[in-house]
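Subject: Handing over the structure

Dear colleague,

I am passing on the structure below, and my notes on what was found in it follow. Please read them with the model open beside you.

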Amino acid sequence: MTEYADTLEQAELGRGGPLVGVQGLGCMGMSEFYGDTDEPAARETLEAALDAGVTLFDTADVYGRGRNEEFLAPFVAAHRDGITLATKFAMERNDDPAYRGVRNDRAYVRASVEGSLRRLGVDVIDLYYMHRRDPAVPFAESVGAMAELVREGKVRHLGLSEVTGAELREAHAVHPIAALQSEWSLFSRDVERSAVAAAAELGVAFVPYSPLGRGFLTGAFADASAELSRDDFRRHQPRFTGDNAKANAALLDPVREIARELGATPAQIALAWVQQRAAVHGLTVVPIPGTRRAERLRENVAAARITLTPAQLALLEPIAAQVAGDRYPDMTFTSAAREE
Ligand SMILES: NC(=O)c1ccc[n+]([C@@H]2O[C@H](COP(=O)([O-])OP(=O)(O)OC[C@H]3O[C@@H](n4cnc5c(N)ncnc54)[C@H](OP(=O)(O)O)[C@@H]3O)[C@@H](O)[C@H]2O)c1
């Protein structure tokens, strides 16, 4: 065990749900999207996470078109009882790298779970998320089909991603939802319009994805559009491109300043912020920063030691409203597009 193991507290993932370390690990970048992958380093990162008290591991059938689930299978087999395994369905891909379809119908749910169980090498998934909502399919059908999987023992708990507060309430009435996974960070706060309050009221845990703003909040970029490799998916994200990239880099000055004050890194400040922001709402939060490097994993977990002062929080407060560019090229892909 590393020195961090004692520092990571545990939280309940939804009322009566599993206890997990208050920070999870996003595994997406281990197989796709953020430039080169390095399998040995990624495997080392998984083990370092477990040593540090991280128990929630996040993947999806769409990451690497199944490769991320397959990559995780040996780790899952070695530590099955010590981890909470989360995966997702609902996004369809084809040979066009930019294409994303959304499927929520019952037949798709039932076929998808079988694929994930096979690739992960397990007979039950701890937390099964609907990755995106197709508003044409009622929750009675989509969450109804997910509830069937719980009854059949293929899935233990249900989650949703990128739904509004009203949608969360509607889905929760069909079957209890353990976790809501949506983007939430110093750069992306649209979930605070309705989803955060609904999750707090219903006892649904919030799992902020991209809590480091897809790496932007670590201070890694001065001009992201010029610095990212050609195959990096972020080259197509509005916040990382053209003039937006430079304007957004300048927004990190207060993050850097607070990091210096506390002897911390900008990544740690971003992670501490999301924990404290959730506490304001009385919400259980388990962010899932993604990293492929053990050293960064330990750095991120150590953010749990940081408490930001009211003055520091006030310095960070205006950042999100000033961010240039949407968080996706097509915002209909997000819950924000369906907020009243
Ligand atoms: N539900 C959804 O729709 C959805 C969407 C996106 C992501 N997710 C999930 O959320 C997870 C996290 O989101 P994300 O990976 O998009 O973004 P993120 O966690 O905000 O940022 C990840 C990026 O930050 C870098 N990084 C991590 N820790 C760092 C540190 N301490 N110092 C410097 N750089 C650091 C990583 O690079 P290295 O790997 O090189 O360290 C990677 O490029 C994903 O892995 C995925 O499981 C879900």
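Strand β8 (residues 125–130) runs parallel to β5, and four bridges join the two. Before going further, please keep in mind that this is a predicted model, in which local features need pLDDT of at least 70 and side-chain atom pairs count only at pLDDT 80 or more, while totals for chains, interfaces and linings use all residues. Residues are numbered from 1 along each chain as its sequence is written. The helices (H or I, at least four residues) and strands (E, at least two) are DSSP runs, numbered from the N terminus, and two strands are said to pair if DSSP finds at least two bridges between them.

As background, strands of a sheet pair through backbone hydrogen bonds, either parallel or antiparallel.

Strand β4 (residues 56–58) pairs with β5 in the parallel sense over three bridges, and Leu-56 stands opposite Thr-84 in β5. Together with helix α2 (residues 67–78), β4 and β5 make a right-handed β-α-β unit, where right-handed means that, with the strands pointing away from the viewer, the path from the first strand over the helix to the second runs clockwise.

Over five bridges, β8 and β9 pair in the parallel sense. The chain crosses from β8 through α4 to β9, and this β-α-β crossover is likewise described as right-handed. Two of the facing pairs are Tyr-128 with Leu-158 in β9 and Met-130 with its bridge partner Leu-160. Strand β9 is mostly covered, since six of its seven residues are buried. With strand β10 (residues 179–183), β9 pairs in the parallel sense over three bridges, and Ser-161 stands opposite Gln-181 in β10. A right-handed β-α-β unit is made by β9, α5 and β10.

**Helix α4**

Helix α4 (residues 139–151) has 13 residues and reaches 17 Å from its first C-alpha to its last, which is close to the 18 Å expected at 1.5 Å a residue; the expected span is 1.5 Å times one less than the number of residues. Its buried residues are Phe-139, Ser-142, Val-143, Ala-145, Met-146 and Leu-149, and what covers the buried residues of α4 includes α3 (106–120), β8, β9 (155–161) and α5 (165–174). Just after α4, Gly-153 takes a positive phi of about 80 degrees.

**Two loop residues to look at**

Most residues other than glycine have a negative phi. Ala-90, in the loop between β5 and β6 (91–92), has a phi near 125 degrees, a positive value in a residue other than glycine. With 26 C-beta neighbours inside 10 Å, Ala-90 counts as buried. Glu-162, in the loop between β9 and α5, has a positive phi as well, near 55 degrees, and Glu-162 is buried, with 25 other C-beta atoms within 10 Å.

**Around the ligand**

Which residues come nearest to the ligand? Of the 29 residues around it, these are Gly-26, Met-28, Leu-212, Gly-215 and Gly-290, where a residue is near a molecule or strand if its C-beta atom, placed from the backbone, lies within 6 Å of it. Helix α11 (residues 294–301) gives the largest share of the shell, three residues.

With kind regards

Methods
A residue is buried if 20 or more other C-beta atoms lie within 10 Å of its own, exposed if 12 or fewer, and partly exposed in between; C-beta atoms are placed from the backbone. Two residues are in contact if their C-beta atoms, placed from the backbone, lie within 7 Å.
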